[in-house]
Amino acid sequence: MNRVEGRDKVTGRARYAFEYPAEDVAYVHPVQAAVTRGRILSVDATDALATPGVLAVLSCAEPPALGSREDAELALFQSDQVAYRGQLVAAVVARAPETAREAAEHGVRIGYDAEPHDVLLRADHPGLYTPEKVNPGMPAETRRGDVEAGFAEAAVTVDATYTTPTLHNNPMEPHATMAVWEENGDLTLYDSTQGAADDRDTIAEVLGLPPERVRVVAPHVGGGFGSKGTTRPNAILAALAARAAGRPVKLALTRQQMYDLTGYRTPTIQRVRLGADAEGRLTAISHEAVEQSSTLMEFAEQTAAPTRVMYAAPNRRTTHRLVRLDVPTPSWMRAPGECPGMFALESAMDELAVAAGIDPIELRIRNEPDVDPENDLPFSSRNLVACLREGARRFGWEGRDPRPGIRLDGRWLIGTGVAASTYPSRRMASTADATVEDGDFVIRIAAADIGTGARTVLTRIAAETLGTAPERVRVEVGDSALPRASLAGGSMGTASWGSAVVRACEALLKNGERGTADTTEDVEGDTGFSRHAFGAQFAEVRVDLDTGEVRVPRLLGVFAAGRILEPKLARSQFVGGMTMGMGMALMEQTIVDERDGGFLNHDLAQYHVAACADVQDIDAVWIEEEDPHLNPMGAKGVGEIGIVGTAAAVANAVHHATGRRVRDLPITPPKLVG
Amino acid sequence: MKLFEYARAADAREALERFRPGTMYLGGGTNLVDLMRLGVARPDFLVDVTRLPYDTIDADGDGLRIGAAVRNSDLAAHPAVRERYPMLARAVLSGASGQVRNMATTAGNLLQRTRCPYFQDVSRPCNKRRPASGCPAIPGDHENLAILGHSEQCVATHPSDMAVALAALGAQVHVTGPASDRVVPIPGLHRLPGAEPERDTVLTPGELITAITLPPPPPGRSHYRKVRERASFAFALVSVAAVLDVDEASDTVRDCRIALGGVAHVPWRAERAEAALRGAPATEEEFVRAAEAELAEARPLPRNAYKVPLARNLIVRTLQELIP
Amino acid sequence: MAEMTLRVNGSVRELDVDPRTSLLDLLRERLGLTGTKKGCDHGQCGACTVLLDGRRANACLALAVACDGSEVTTVEGLGGAADGDEPHPLQTAFVERDAFQCGYCTPGQLCSAAGMLAERGPSAVTADLTDDPPLTPEEIRERMSGNLCRCGAYVNIVAAIQEAAR
């Protein structure tokens, strides 16, 4: 099925947050902190306020009234303390965007009392501590058996440290908001968000409004990858600016501002230790993750979490330690935790395969657990081995010579690598409404389509449940006025919203006119199984012997993700994740100034995401997987698993090509040349 | 962006007459508008020179005359450039994107400014942007900055690919100015940072590039090769433009031209390497010796030392591939 | 403010503009043509690509005043009809091939592809510079690299362009 909103997107008719028409609209431009830590002593906005066309200046000199300051990233202008370089400290509202920007950049003088700061993550940082929980509510540490004894009895061991850099989501659509205060005091926000309902609740709370007086509209969102999963300062700023200016206000963060204000993937330092017997059976697994958060809030990424489900071993340990630095608060980025964590674990597994002289696919098969190795729960379904075998067949793995650095085509070294993928299959409670209007079916649910194809897959799910053609179903999403639904995140969208849509359609079939559903009870019953999707990623790389340039002629992903509801769109999700994973392997990194913590390469010329020329043959396939323990559709999420394991597959292929083991991403020419 | 006046000049005389302090000439805008939006450039007056009658390529005679306003994509697509100066076509095509090349002009490409992250961020010091404010790149991030010819004031690199090919070809830049017309060679147009990193070139205020002329193509084979981790739409980590003329009877180098990009504040003509190679056997050993002679001058910083072996390998490999 | 004339998707518009206004902001904020997207505002992503006097260009890097007298085609005018109701073959192929996800880079991809298909001459990956090369997937990938897609739809974008070019 083609995307139901496809025609609107290719003709330019699909409207994104910044693009709604409004009468007499004004623009707001942020002012960012010039120091890393300290106190604001003075705010002199004389020049800005004297500029023709400027309507208002916002800052902590006159803190606007808020209902809640709990989320310090959203409690704008409430404090004179600066927590990181680039923090939002003031803003200028003007009739024209050029005026607002010029006045913000040159018309507001802020005096600071700078204080000493600390911005660098390191494994021996004295401030490291173990958080109570890691996202989303998991224990920070797990232990089983005696890890040291397991290593002591091992015939082969790997003990290596892997690092991943700060990464930025960089959706193509900047974080943008238009805020409109209605005459009765209600607030409408056209906001670039992954969850209209949660966004509405957060904004209402911060502004001190009852939720029913706030409406968030977001039918089309230009990507988010986690960075639009929580309310961002742009939404609050637009609302405050519109209140101050007495007219609708629009705000789109600049690409540069996005780096400071919309979250990022924490850098990680991960020590992985593996011990195995002579046949490659793991005797011990230890995965220790070190990561950062801000002084404002604790954000504890679940970096070592995937290691808890991947392989059997009697002795195991995972730990997370955090340090709170004078930096912006990290946030979600596609497969938070699983993505950087599996780079480390799956690189280490490859190192173990080399050390033990065992084929890396065979090594993984030998360590396949019967039940969840941490909690002994049965898997609702688990087909990692099938993915590895199917991938090996399609990729042509058989007969692979494991020796590194021996395949040369001209001046290119060639290698292949494999890595496993995994991602949890969860769902959250949602509500939906199904009605008949003018003979067609209308489904209403405050779901979000951020490019995942949610609108299309829900259309298909509704049509199947109703026993009708998709053309007779219209699905309305992206509006907090619709029945409440969970956000687009954690690969939970289709499972969460689809469950509600199925139930609502079933109710409609019973009563003939209207059906509503609330899946709270269904979701509370999701216990008793360990639910995860699995996959296997295969990479072929070519490494230029002279320059260290790495090119990827082939990437193949084989996934086991329950029932694939909409093959065309699911494939796009898998391939898209793999494409981002390849970029993570080879080019993505946010360069941090070590002295002030600021993000230096804060644009798309310096922060490289994969371009069209980088993507040659990337393909994704899946195996048929029946899983009755998930949801009415039997589906697992597909939005994130594609990026999990890709970087390890590429890194393992680079090792196979060159004999060089790069343990710190990205794998750039400076690390290979010489 | 500061409010500015805009005027479109019909010819060079009008452009020069309109020039006053605070004026900048506007070509394709692909770097100037970018820098104005960042606050790095804050002109009072823009004189648009894209409609000046310098938008043609004249291939009469042995050399080539490229108008200053010729768009990069038209330069690379011109039959005479493709047939006679393929190295130049390749260099132009390896820069930026199709869209940017459609907009960017020849003169604008030469005069584009460094992409050093500190230069582009007005919240930070930079000697090039604000003289005597300091160079945070030296103690900070300089992974992609200069290894040759830099100073304590500035380690920026020149970002152009085209200029590297022009440096190898020995192009001449034709300049008109308030006082007189003159011709400046490449290399020679761009300057090393020294104590005045704010000056990228030897041009003086008000001077306007009108054309670039190329001497007849040098004998031998030529190539432009650019290294970058993203396969396209990225500035060079290191690039090389090389021309090699080998006497096939004796397998010795009759002549060669080598220029490097991504290593210095200027397109770097590798004259030491060239001198080492003239008359030498056309062998890998000699190419290595020549590359190392050039790079003996390199003073890498802690995080860009990789550019030395990278430049060496690139020179050697490119020359190897030019052996007939 | 400066007076200027622009022909946009076939209609002549007489405008009074702040010289700082980019062509992109003029289209989006003044003319209501929000199909053209702002992704980076520095020519680094291609989301703002339009056809300027028939050639693909980054509308964010063009000052509106400098486009006085020019002709602009945006995604809204790509199919030829002012209401966008006659899709360009590229638009059809993008839908059929699922060549986008979030859709935000899509108008720029489409205008860039339309401009690219009309271009002649070699690219950085062309082996023999003296011939106009056939439009292989490798050529399309290189020529379309000025349009970033964070969703990672490149595989399908290349397939769609190949299909539309046939």
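**View 1. Chain A contributes 29 residues and chain B 23 residues to their contact.** Residues are in contact if their C-beta atoms, placed from the backbone, lie within 7 Å. On the side of chain A that touches chain B, α3 (97–106) and α17 (669–672) are the elements that give two or more residues. The largest share, 4 residues, comes from α3(A). Helices (H or I, at least four residues) and strands (E, at least two) are DSSP runs, numbered from the N terminus. The model is predicted: local features need pLDDT of at least 70 and side-chain atom pairs count only at pLDDT 80 or more, while totals for chains, interfaces and linings use all residues. Residues are numbered from 1 along each chain as its sequence is written, and chains are lettered from A and ligands numbered from 1 in the order in which they are written.

**View 2. The side of chain A that touches chain B, by residue class.** It has 11 nonpolar, 6 polar and 12 charged residues. Ala, Val, Leu, Ile, Met, Phe, Trp, Tyr, Cys and Pro count as nonpolar; Asp, Glu, Lys and Arg as charged; the others, Gly among them, as polar.

**View 3. The fold of chain A comprises 17 helices and 26 strands.** Its radius of gyration, taken over C-alpha atoms, is 25 Å, close to the 26 Å of the globule rule for 674 residues, so chain A is as compact as a globular protein of that length. The rule is 2.2 Å times the number of residues to the power 0.38.

**View 4. Residues 1–219 of chain B carry the UniProt annotation "domain: FAD-binding PCMH-type" (unreviewed entry).** Such annotations may be inferred rather than shown by experiment. The end C-alpha atoms of this span lie 48 Å apart.

Key: Two residues are in contact if their C-beta atoms, placed from the backbone, lie within 7 Å.
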